[in-house]
Amino acid sequence: MNLLTIENLTKSYGERVLFGNVTFGIDDGDKIGLIGVNGTGKSTFLKIIAGVDTADFGKITAGSGIKVEYLPQNPEFDAQATVLEQVFRGHSPVMQVLRDYEQALVEAQRYPDDAVRQKRLISLTQQMDTQNAWQLESDAKIILTKLGITDFAAIVSTLSGGQRKRVALASALINPADVLILDEPTNHIDNDTVAWLEQYLAKRKGALIMITHDRYFLDRVTNRIIELDKGKLYTYTGNYSNFLELKAEREDQQEASERKRQNILRNELAWIRRGAQARSTKQKARIERFEQLSAQTPDGRQGQIEITAGASRLGRKIIEMEHIGQAFEASTLINDFSYIVLKDDRVGIIGPNGSGKSTLLNIIAGRLIPNQGQVEIGQTVKIGYFSQESTEMNQDLRVIEYIKEEAHFLPTADGGTLSAAQLLERFLFPPNLQWTPIAKLSGGEKRRLFLLRVLMSAPNVLLLDEPTNDLDIQTLSILEDYLDDFPGAVIVVSHDRYFLDRLVEKIFAFEGDGRITQYPGNYSDYQERVSMLEAEALPTNKNKNTADKKIAAQDKPKERPRKLSFKEQREYEQIDEVIAGVEQELSQVAHAINTAGSNFELLQELTAKQQDLELRLNELLDRWTYLNELVEELDNNN
């Protein structure tokens, strides 16, 4: 079933054409990944489809009653709203009821003796029933918890930028929609949450179109890839791996067509130079064909970002950390951590959001003095720090001026140099773009420019804090190739599993209470090791249970009694009623969880009670089975 049809879509900014005459459709069940180099107009393309921006030409036709939900790269927020109020935004009746109910619940709890507020809460509770909104509210709280947001009553303005982005993501996921549009949904969430989101979107019904740099994510979620390249849209069936194969085939065909065109041009040019007679209609047509062929611009392969690693000399002593400890208020982020950085280190730092990963990088860089321990940095060390934020960029500077502020030339590994202009071209900043003010660049182009400036300083130790955020896949691929040959240490904080697998040889994992555990290998090796450690812990419990069962079997009489004991008889007669009572209590608790609203403490109590009741019910059902089998056996024997 076709949901959206996009016809002849064209968009430009001044003389810069982002895309022209783009036509394609979105069907129910499509899970589309949109890729392309930063600055090609990917985010603008999504905005136009979502209806928040307009195209110069073309039209978008939606099926009857089709709902579209959009998560922008930089969402807007109501600073005074609570987390749940922000999640339940939108104008649909169910969203309005959810917002009103959450607000009424807070007011009713604050003023328990106010009859008007209590009456309004009762009325909204009935509307929640009518709109079938209880499940939606429960789903919202589950999704928020999965995304690391547990204080549902928190005011949005008090949250960090990453937390606000996750609240916006929860809102996009919870709002009913036929077409879900996501712009960089994996930014600002940790590895475990990315894995959960991956599974959630893979199972979600309806259509999905998203921009993401996460190649594992694209491979496991999408069934279709569309690529914006030089203003044109190319579509490929399959996931990211299929796209790589199909794109290579397309470019090979384009190169073959270009070679054929060049051969025809050479023959026609030779014919013209021999003195073509331009009088006959046939000869005029041949000359016109030559002019048309000459005017054609070949697509060719995408320009590559080629960087030759050049760095200043690195001495024996690099960076040494001894018994580092760092705490903020009552929270311990780093507890007694020691490490000596080696010349060829490739270290990946992982852990939940807020665990202290960026704090550790700031300590390593000397930007933060730890509460405990000391950090010694060698005299020859020159640190290049690619931070998450590039707010220090002067937006009024032109692109080439920003790079020349750092250096006019970059030394290369072969002893040569690259000028700022040459390096900018290799970073996909052609001459006409080099004199553009930074303020006019896209977010991804600014990140690429910031990365170029870091590398332009010729560091010998690179600290990368979430380098994959907002960078396109092509830039990441070339950066990975560059880091392969980088003659120094690289320490990276990243949630991008592909990037970690491709680059690092050691993992530092934040595992709670400030503990940082070191694991050899890349991210997949780390996952395998953790799974193995968890599996090793299971046999102990299993063996214990087996031993307990053997002891119980030895103590138990070999033959069952020929009649029930008084206690068993009474238990047998009452157990059905007891089970029914526990089931009813479970149902009441489940309803209470759905109506708990933003009372997080009550939610925790109810969830714990629910788990206890479920455990009790399982025990009763096991006992019911035993008693019924015993009665049946006695009846057969008698």
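1. Start with the side chain of Thr222: in this predicted model, that side chain reaches the backbone oxygen of Leu218 at 2.5 Å. You'll find Thr222 in the loop that runs between helix 8 (215-221) and strand 8 (224-229).

2. Is Thr222 buried or exposed? With a relative accessible area of 7%, Thr222 counts as buried, because the cut-off for that is under 20%. Leaving aside residues up to four places away in sequence, Thr222 touches Lys31, Ile32, Gly33, Met210, Phe217, Gly238, Asn239 and Tyr240.

3. Next, have a look at helix 16 (residues 473-484). Its twelve residues should span 16 Å at 1.5 Å a residue, and the end C-alpha atoms are 17 Å apart, which agrees. At the start of helix 16, a side-chain oxygen of Asp472 comes to within 3.2 Å of the backbone nitrogen of Gln474.

4. Helix 16 is largely enclosed by the rest of the structure, because nine of its twelve residues are buried. Among them are Ile473, Leu476, Leu479 and Leu483, but also Gln474 and Glu480.

5. Finally, the second largest pocket, which holds about 350 Å³ of space. There are 23 lining residues, and Asp192, Gly351, Pro352, Phe510 and Glu511 lie nearest the centre of this pocket. By class, the lining splits into ten polar, eight nonpolar and five charged residues.

6. Which part of the chain gives the largest share of that lining? Helix 18 does, with five residues. Helix 7 (191-203), strand 11 (331-341), strand 19 (506-510) and helix 18 (523-555) each put in at least two.

Technical notes
Residues numbered from 1 in each chain as written. Predicted model: local features only at pLDDT ≥ 70, side-chain atom pairs only at ≥ 80, totals over all residues. Heavy atoms only, no water. 1 Å grid on protein atoms, 1.4 Å probe; cavity = no way out; pocket = protein on both sides within 12 Å on 5 of 7 lines; lining within 4 Å. Points joined across faces, edges and corners; volume = space filled by probe spheres on them. Helix = DSSP H or I, 4+ residues; strand = E, 2+ residues; numbered from the N terminus. Nonpolar A, V, L, I, M, F, W, Y, C, P; charged D, E, K, R; others polar. Expected span 1.5 Å × (residues − 1). Buried < 20%, exposed > 50% of the residue type's maximum accessible area, 1.4 Å probe, protein only. Polar contact = N/O pair within 3.5 Å; in protein donor to acceptor, adjacent residues only side chain to side chain. Contact = heavy atoms within 4.5 Å.
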